[in-house]
Amino acid sequence: MAKIHYQFNKETLSYDRIEISFRKRLWNWTTRLGASLLWGILIAVVAFTFIDSPKEATLKKENAELLAEYNILNKELDELSEVITALEHRDDNMYRVIFESDPIDASIRQGGIGGVDRYAELREMNNSELLISTKQKMDRLTKAAYIQSRSFDEIETMVKNKIDMLASIPAILPVSLKDKKVYRSSGFGYRIHPIYKTRKFHAGIDFAGPIGTPIYATGNGKVIKVGSDSGYGKHVIIDHGYSYKTHYAHLSAYTVKRGQKVKRGEIIGFLGNSGRSTGPHCHYEVLKNDISVNPINYFFNDLTPDEYEELVKSVEEAGQSLD
C-alpha cells in the first residue's frame, strides 16, 4: 500500500492531500539508491584501505616473521664470518708458520664472486636490499669456507709429513757433551781467523775435543758428499730435505759413503784435525736454502734451557775460531 502524503495549508488551516507523480517517485527512488550505493562504495574503500582482510592479516604476519628470521640469519652469518676470519688468521699466522708454508694470498681469500649481476632476480622483490645483502654474505662465506677447507686439506698433508720433517730437521748436537773432554770452541759470526789473524766470518760452530770423538748426524737425511780438501779436510755433507743441509768438517775419518741414508744420532765420522785447522775439532754448519744459518738455533732436542743458555754464552765468548 502506497504511502499518502499531506501538506499543511496556511490559508485554510487544514491538511491537503498531495498527489505524487510516478516520475517524481521514480526520481526519489533513484536518488536514494544512488546515495546508498555511493555510501556503500565509500565504506568499502575505507574498509579495504584501513582494515585488513583475514588473508591479508595472515600474509602480513608471515611477512613480518620472515623479516625477523632474515634479521636473525644476518646476525648468525656475521658471527659465522667472525669464526671463519679467526680460522683464516690462525691458518696464516700459526699453522702455516709452523710448517714453514706461505700464507694464502689475500687476493684469493677476498676475491669477488663471478657472474653478471648474480642478484638481478632479487632486485624486483620487496625488501630487496635485505635479501641481496643476505645472499652476498652467504656467497662470501661459502667461498671462504671452501678456500679454508682446501687449506686444511693442505695442512693435513703437511701434518702427515711433519713426523718425517721433525725427524729430518737438524735438532741435536753433532757431539755428546756428556764427554767432559768435548767443549764448544767458537760460534757463528765474525771471529779472528787462527792462521790469518784477521776478522773473518765463521759460518758454523766449532766443537773441540780428543781425536776420534764420535760425530753424529743431527737429523735424518742422505749423505750427498764425502771427501777431503785442503780447507775443510775430511768432511761430510748431509741433505736432510725440507731445504736443510748440514756440514761436518776437519774429521779424522768418516763411516758413511755418498748416497747413504742416515738417521739422527747415527755416527757418521770422528773428530779430527784434518785440513786447515789449528787443533782437533769438528766444524759444524747448518744450511737453509744453501745459506749458512746459526746452528745454535737447531739444538732444541738435545739441551735443557739452562744448558742452552750456557752453550750460547760459551760460543759467544770465544773470540777466535779453530779453522
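Tyr242 lies in the loop that links strand 9 (233–241) to strand 10 (244–254), and Ser243 is placed in that loop between strand 9 and strand 10 as well. Helices (H or I, at least four residues) and strands (E, at least two) are taken as DSSP runs and numbered from the N terminus. The model is predicted, so local features need pLDDT of at least 70 and side-chain atom pairs count only at pLDDT 80 or more, while totals for chains, interfaces and linings use all residues. Residues are numbered from 1 along each chain as its sequence is written, and side-chain values use heavy atoms, with hydrogens and water left out.

Phi of Tyr242 is near 55°, a positive value in a residue other than glycine. Ser243, which is not a glycine, has a positive phi of about 70°. Tyr242 is partly exposed, with a relative accessible area of 33%, and Ser243 is partly exposed at 31%. On this scale, buried means under 20% relative accessible area, exposed means over 50%, and partly exposed lies in between (1.4 Å probe, protein chains only).

Strand 9 and strand 10 run antiparallel and are joined by six bridges; two strands are counted as paired if DSSP finds at least two bridges between them. Within this pair, Lys234 stands opposite Leu251 in strand 10.

With strand 13 (residues 281–288) it pairs in the antiparallel sense over six bridges, and the bridge partner of Ala249 in strand 13 is His283. Strand 10 is also joined to strand 12 (residues 267–271) by three bridges, again antiparallel. Here Ala253 has Phe270 of strand 12 as its bridge partner.

The largest nonpolar core holds 25 residues, of which Ile215, Val236, Ile238, Tyr248 and Ile268 touch the most other members. The elements that give two or more residues to this core are strand 6 (205–208), strand 9, strand 10, strand 12 and strand 13. A nonpolar core is a set of buried Ala, Val, Leu, Ile, Met, Phe, Trp, Tyr and Cys residues joined through side-chain atoms within 4.5 Å. In soluble globular proteins, nonpolar side chains tend to be buried together.

Ile215 touches, among others, Pro174, Val175, Tyr248, Leu251, Ile268, Phe270 and Cys282, with residues up to four places away in sequence not counted. Contact means heavy atoms within 4.5 Å.
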